[in-house]
Amino acid sequence: MTEFLGTQFGKLLSTAFISLVPVIELRGGIPYGIACGLGAGEAFWAAVIGNMLPVPFIILLVRRVFDWLRTGRYWGPKIQWLERKAHIKGRVVRKYRVIGLCILVAIPLPGTGAWTGALVAGVLGIRLRSALPAIFLGVLLAGAVVTAITCGAVSAFR
């Protein structure tokens, strides 16, 4: 396994996989990829692809999954909490619609990103054909910021 992760393909795949994980997303994937020896461009694109993989499924299925989970005593309150959080994050999205969704995803801070954007789009009923390009653009912008910070072009402490 260690040998595989040492290959170029293994580094790309592990960078994409880390970027697929909620909360970590490309904010963790890009620094990981660069630390593993990938070039900035390679780490960027592997992270973008990994980060975007779950987005269409989240947008299309989140309401059905929430409806199904809401019926349980254990999951019901957690789903209500997630929906409340999505509606709070969705204030900007409701006001500016697709541009707001892009801004929500583009800010590379905890609680934002592709997973949150897809959740908000799904809960607010934004159609896939409108949400997907906005989320993709937001992921590209966030990835550019994270790559710049990781490569030292921007100092995070100034």
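This report describes the aromatic pairs and a nonpolar surface patch of one predicted model.

Residues are numbered from 1 along each chain as its sequence is written, and side-chain values use heavy atoms, with hydrogens and water left out. Because the model is predicted, local features need pLDDT of at least 70 and side-chain atom pairs count only at pLDDT 80 or more, while totals for chains, interfaces and linings use all residues.

**Aromatic pairs**

The structure holds two aromatic pairs, where rings of Phe, Tyr and Trp (its six-membered ring) pair if their centres lie within 6.5 Å, and planes under 30 degrees apart count as stacked, over 60 as edge-to-face and the rest as tilted.

| Pair | Centre to centre | Angle between planes | Kind |
|---|---|---|---|
| F44 and W45 | 4.9 Å | 85° | edge-to-face |
| Y74 and W75 | 5.1 Å | 85° | edge-to-face |

F44 is buried, with a relative accessible area of 13%, whereas W45 is partly exposed at 47%; buried means under 20% relative accessible area, exposed over 50%, and partly exposed in between (1.4 Å probe, protein chains only). In the other pair, Y74 is exposed at 54% and W75 is partly exposed at 42%.

The ring of Y74 also has the charged end of K78 sitting over it, 4.2 Å from the ring centre (NZ of Lys or CZ of Arg must be within 6 Å of the ring centre and within 35 degrees of the ring normal).

**The nonpolar patch**

V92, Y96, I99, I103, I107 and L109 make a nonpolar surface patch of about 550 Å², a patch being made of residues with over 30% relative accessible area and no salt bridge, with nonpolar side chains joined within 5 Å. A salt bridge is a side-chain nitrogen of Lys or Arg within 4 Å of a carboxyl oxygen of Asp or Glu.

Notes
Patches are made of residues with over 30% relative accessible area and no salt bridge: like charges are joined within 9 Å, nonpolar side chains (Val, Leu, Ile, Met, Phe, Trp, Tyr) within 5 Å. Accessible areas come from the Shrake-Rupley method with a 1.4 Å probe; for residues, only the protein chains shown count as cover.
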